[in-house]
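Please read it alongside the sequence and the 3D view.

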Amino acid sequence: MLYYLFEYLDANFNIPGTGLFQFISFRSAMAIIFSLFIAIVFGKKIINYLRKKQIGETVRDLGLEGQNEKAGTPTMGGLIIILATLIPVFLFAKLDNIYVIMLIFTTIWMGIIGFIDDYIKTFKKNKQGLPGKFKVFGQVVLGIIIGATMYFHPQITVKMDDNVKPKTHQIVDLSEQQLINKETKGLVTTIPFMKNNEFDYSALITWLGQGYGKYAWILFIPIVIFIVTAVSNGANLTDGIDGLAAGTSAIIVIALGIFAWVSGNVIFSDYLNIMYIPRTGEMTIFIMAFVGALIGFLWYNAYPAQVFMGDTGSLTIGGIIAVIAIAVRKELLIPILCGIFFIETLSVMVQVSWFKYTKKKFGEGRRIFRMSPIHHHYQIKGFHESKIVTRFLIVGIILAVLAIVTLKVR
């Protein structure tokens with residue numbers, strides 16, 4: 001809203017300083033400052049309110065050291081992340097930008113699903129929370145909406161013709177300018193570490209013959225559903241010890257912010273020889289607000305945690321990360337960039353599968369890890385929570401750097 005106010009003041013009154021709001025870099029800086037302020041200052045008030053209402057975590061007895069001490073710690077702290085993200089976005093972002101609209105919708109939609117789950121656990125005293133099929137249904141609906149928007153919305157375009165990208169030192173005539181401004185629809189994404197690294201999803205169906213390309217959405221939307229569901233559940237599984245989910249997510253989102261910045265800037269995309277995605281630069285404001293919210297939440301969630309994010313936070317975080325990755329056409333980087341989520345999810349899948357297989361074969365279930373997700377395995381081995389989180393964050397930074405260098409390493 002402030003963006004539109006200052007745009008009006010700059011256009012009509014030419015007040016000094018109002019033109020700063022035209023710059024994404026300035027609005028991104030303001031967004032992260034405001035989100036940090038909201039998360040740290042008002043986060044404490046929210047925690048006190050949750051504690052007053054006795055909205056505390058019911059801890060299952062897993063036999064972990066220090067586990068009982070966490071009983072009664074306020075949960076639903078994901079509300080801090082949501083509010084600290086959305087308020088700066090409403091203030092500083094262009095609210096008519098389709099990418100910003102998708103992210104706002106994702107935040108609210110997944111926040112509602114997570115809130116219902118936490119509400120059932122807390123107020124209905126049902127440790128199982130919202131049944132898994134309803135969570136998956138919500139994730140599928142989000143995937144359908146995001147996939148359909150990416151395919152059908154006219155403002156979601158790409159431009160990757162290197163021969164017609166503008167050079168900063170060139171002067172072009174009108175016909176060349178028209179060619180430069182040409183944008184195309186398409187289901188193009190980026191394949192990491194490949195020289196010609198653009199891949200069109202329609203290639204998965206065009207081999208059937210001419211005219212089948214227009215049905216590519218039939219394959220694309222299920223892929224989006226899978227990505228949204230997988231990343232959202234991965235973030236949910238990672239939220240098991242103090243500061244782990246928020247810390248690793250902040251690293252992931254910073255990397256995605258870099259991708260959004262360079263992909264939405266015609267000069268940087270030209271220099272890096274990557275596809276130019278118009279209007280994605282505006283996502284940087286949302287991303288910086290989200291980063292500030294995550295870091296501000298860490299102020300209270302670092303060991304020993306004063307608040308837990310609950311599913312209100314973890315499901316929302318995973319949904320947002322998935323949508324940003326899809327929007328900047330970097331979803332194939334998710335196994336690397338979201339490597340911590342991937343490892344956590346894989347550890348659960350391997351543990352459950354092996355247990356069922358050995359129980360069927362030998363009559364007794366056996367385990368590969370002492371407990372899954374894998375962070376609990378290290379807890380049982382005697383590692384302190386802080387050490388586990390620190391080492392996971394280091395791994396997360398390495399993976400984020402590896403993902404970023406794919407911009408040039410092909």
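Helix α2 (residues 24–52) packs against helix α3 (residues 78–92) at an angle of about 145°, with the two axes 8 Å apart. The model is predicted: local features need pLDDT of at least 70 and side-chain atom pairs count only at pLDDT 80 or more, while totals for chains, interfaces and linings use all residues. Residues are numbered from 1 along each chain as its sequence is written, and side-chain values use heavy atoms, with hydrogens and water left out.

**The α2 and α3 pair**
- Axes are lines fitted to C-alpha atoms, for helices over the stretch in contact, and angles run from 0 to 180 degrees between N-to-C directions.
- The α2 and α3 crossing is right-handed (the near helix is turned clockwise from the far one by less than a right angle).
- On the α2 side, the residues in contact (heavy atoms within 4.5 Å) include Met30, Phe34, Ile38 and Ile46, and their partners in α3 include Leu83, Ile87 and Leu91.
- By class, this contact has 14 nonpolar, two polar and one charged residues; Ala, Val, Leu, Ile, Met, Phe, Trp, Tyr, Cys and Pro count as nonpolar, Asp, Glu, Lys and Arg as charged, and the others, Gly among them, as polar.

**Whole chain**
- The protein chain has 16 helices and two strands, which are DSSP runs numbered from the N terminus (helices H or I, at least four residues; strands E, at least two).
- Buried residues (under 20% relative accessible area, 1.4 Å probe, protein chains only) make up 48% of the 410 residues.
- Along the principal axes, the C-alpha atoms fill a box of roughly 75 × 55 × 35 Å.

- Val348 is found in helix α14 (residues 339–362).
- Leaving aside residues up to four places away in sequence, Val348 touches Leu237, Ser372 and Pro373.
- The peptide bond from Ser372 to Pro373 is cis, with omega near 0°, and Pro373 is found in the loop between α14 and α15 (374–380).
- Another cis peptide bond runs from Tyr303 to Pro304, with omega near -10°; Pro304 is found in the loop between α11 (283–301) and α12 (310–327).

- Asn273, at 34% relative accessibility, counts as partly exposed (the class between buried and exposed, the latter being over 50%).
- Arg279 counts as partly exposed at 29% relative accessibility.
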